[in-house]
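Subject: Structure for you to look at

Hello,

Here is the structure I promised to pass on. Please open it and keep it beside you while you read my notes.

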Amino acid sequence: MPIRRLPPETVNRIAAGEVVERPASAIKELVENALDAGAARVEVQADGGGLNRILVADDGKGISAEELPIAIERHATSKLEPDDAGDVDLLRISTLGFRGEALPSIGSVARLTIASRARAAADAFAVTVEGGAAAPVRPAAFPGPHGTRVEVRDLFYATPARLKFMKSERAEAMAISEEIRRQAMAHEATAFTLELDGRTALRLPAERPGPEGRLKRLAAILGREFEHNALLIDQTRDGVRLSGYAGLPTYSRGNAAHQYLFVNGRPVKDRLLQGALRGAYADFLARDRHPAAVLFLDLDPLYVDVNVHPAKAEVRFRDPQLVRGLIVGGLRHALAAAGHRASTTVAAEALAGFTAHEGVGRGAWGVAEARPDAGGWSGWTGWSAPDAAAQTLPGLNDRSARVETLDPHAPRPTSHAPSEIDLPLGAARAQLHGTYIVAQTRDGLVVVDQHAAHERLVYERMKAQMAAGAVARQALLSPEVVELDPAEADRVVARADELAQLGLVIEPFGPGAVLVRETPALLGETDVQGLIRDIADDLAEHGAALALSERLGEVCGTMACHGSVRAGRVLSAPEMNALLRQMEATPHSGQCNHGRPTYVELKLADLEKLFGRR
Ligand code: ADP
Ligand code: MG
């Protein structure tokens, strides 16, 4: 065969093979044209995965009637200007397009219609190209003062071989959506909408140009999670600026899909940049974890070659080491500065992992419900209280046996309770700050607020005992005298009968003092002085308006504050375990009288997640 010049349609189709690989790449070219035209809003519609119909509409500067036929010519562009000698400088490209290939390529493989009203032009015009054949320019209707609407029907109808390679409509639609998201990240001041088969898939309002607007745009695209876990990056070195947002290491992902890199506003997939990103996080992330990041490199066009690939997805840097160093250094710097924040995020995750329960004691675990007679304290006595006299659990209410501090020589409670760890609230392991009991369960750990829990238990148990007739009392070894002022003492003595119903037996003891003989058994070791003084204050404040039994919650709260398990008191191991067992047996013990949780639970699986073991 002789050597022949190929006909223009064939040349265009060959070019189209590279430039318009799939519907999403046609859309990429058309959106880039809209952005180059200065559009403030870009609207995209795609039907049938973009294979049936694509529409890209913008409010940019438009194309005049005279230029419409040239726009669809091959290698015709308004974006490169020859100098006086007629030479074009390919080293200073500041637009997204420059090759003059997109429109003729699309026109050669589809039915393309461009309608446009140029800025300040009275009329709008349109031109159509079908399978490479252009029709003359004609007047057209155009909504809006200026802008361009490009419609592409039956993409690849003229190249059936290419059509066969298309993935499902769904896959093409997803690629389109991804393409719009990418472009929208780099142009936060431009509004974008995307409709897929008539349904709105994306609606991104214009944001203020700058980092804040950009973060809003990124949050709209990547989710609020990204916004809350991203660090602002802004570093400049030798005229190269790195900006954008990088995710905290704790916000890493299972793949690199959440990495978006832009060079001079152009989305790129670049090995060098991806490698630098990995390098920056190397100390913080496991090999199979990937950071989330949206990074923008801006540099003099002289130092980057964007003319490497027809779809312009790859770039070459004149000084790759500078770029790599900037990315690694800039990100490490930001991550180091955020060390504290990273740990806050972990703490927040930990808190999210802890779950507060209110199911305790409702029999949810098959644990005995509190019985009014025995009270919750001994509601579950499978492993303790062998004799009936031990109505109270060892250590908790028995003042002679009480243990003020953890005694290393004392018999370990777990030794006679081997199965505690299998109980819902587990085996007590430690007490922290005189306030929190840490218990180990079979599959996690539990932290109990001892005071909140005890207050609730006192309340529930007192209610149960009152319903059963009387609150169990416990005689003090020697009656205690509490000094008050005479008016206070009178008020307390006046309520002696009510107090006796609640398990507190008092007598007048001359002017300005009361004698306390018995206290509610369920309080255990009681700070009698403090309790009586608080009750006196309480009566002074509330007067005689309500019977104490009607304010049981408050009264119990006051009592619990002076009982054996009050906040700040060191508990022995048996006391802690007794509290846990009673919580299990008491209804509603998962929350205190104020609705706050009395304990939180963290499963091993959550712990493992926190430490990246899962
Ligand atoms: P390139 O973008 O590389 O210049 P194209 O084939 O994509 O090549 O477009 C050819 C020309 O048509 C552009 O240079 C531009 O002048 C004009 N053009 C294309 N789309 C638009 C648009 N949406 N708004 C204004 N002008 C456009
Ligand atoms: Mg273009």
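Start with Asn-33 and ligand 1. An N or O atom in the side chain of Asn-33 lies 2.8 Å from an oxygen atom of the ligand. Keep in mind that this is a predicted model.

A polar backbone atom of Gly-100 is 2.8 Å from an oxygen atom of ligand 1. For Leu-103, a backbone N or O atom is 3.0 Å from an oxygen atom of the ligand. How much of ligand 1 does the protein bury? On its own, the ligand exposes 530 Å², and the protein buries 94% of that.

Where does ligand 1 sit? Look in the largest pocket. The shell around the ligand holds 20 residues. Asn-33, Thr-77, Ser-78, Lys-79 and Gly-100 are the closest. Helix H2 (23-36) and helix H4 (102-109) each supply at least two residues of the shell. Which element gives the most to this shell? That is H4, with three residues.

Now step back to the whole protein. There are 18 helices and 24 strands. The chain has 614 residues, and 49% of the residues are buried. The accessible surface comes to about 29,000 Å². Carbon and sulfur atoms own 52% of that surface.

Next, the backbone angles. Most residues other than glycine have a negative phi. Two aspartates are worth a look here. Asp-154 is not a glycine, yet its phi is positive, about 50°. Find Asp-154 in the loop between strand S7 (147-153) and helix H5 (160-164). Is Asp-154 buried, partly exposed or exposed? Its relative accessibility is 29%, so Asp-154 counts as partly exposed. Asp-197 also has a positive phi, near 50°. This aspartate is in the loop between strand S8 (191-196) and strand S9 (199-204).

Then go to the loop between helix H3 (68-71) and H4. Glu-81 is there. Its relative accessible area is 70%, so Glu-81 is exposed. Which residues does Glu-81 touch, leaving out those up to four places away in sequence? They are Asp-87 and Val-88.

Last, look at the end of the chain. Leu-610 is in helix H18. With a relative accessible area of 21%, Leu-610 is partly exposed. Gly-612 is in the segment after helix H18 (604-610). At 59% relative accessibility, Gly-612 counts as exposed.

Leu-610 and Thr-250 are 360 residues apart in sequence. In space, their C-alpha atoms are 9.0 Å apart. Gly-612 and Thr-250 are 362 residues apart along the chain. Their C-alpha atoms are separated by 8.9 Å.

Begin with the ligand when you open the file, then work through the loops and the chain end.

Best wishes

Conventions:
Residues are numbered from 1 along each chain as its sequence is written. Chains are lettered from A and ligands numbered from 1 in the order in which they are written. This is a predicted model: local features need pLDDT of at least 70, side-chain atom pairs count only at pLDDT 80 or more; totals for chains, interfaces and linings use all residues. Side-chain values use heavy atoms; hydrogens and water are left out. Helices (H or I, at least four residues) and strands (E, at least two) are DSSP runs, numbered from the N terminus. Buried means under 20% relative accessible area, exposed over 50%, partly exposed in between (1.4 Å probe, protein chains only). Accessible areas come from the Shrake-Rupley method with a 1.4 Å probe; for residues, only the protein chains shown count as cover. A residue is near a molecule or strand if one of its heavy atoms lies within 4 Å of it. A polar contact is a pair of N or O atoms within 3.5 Å; within protein, one must be able to donate a hydrogen and the other to accept it, and residues adjacent in sequence count only if both atoms are side-chain atoms. On a 1 Å grid over the protein atoms alone, a cavity is a set of points where a 1.4 Å probe fits but cannot get out, and a pocket is an open set with protein on both sides within 12 Å along at least five of seven lines; lining residues have an atom within 4 Å of a point. A molecule sits in a cavity or pocket if more than half of its atoms lie within 2 Å of its grid points. Contact means heavy atoms within 4.5 Å.
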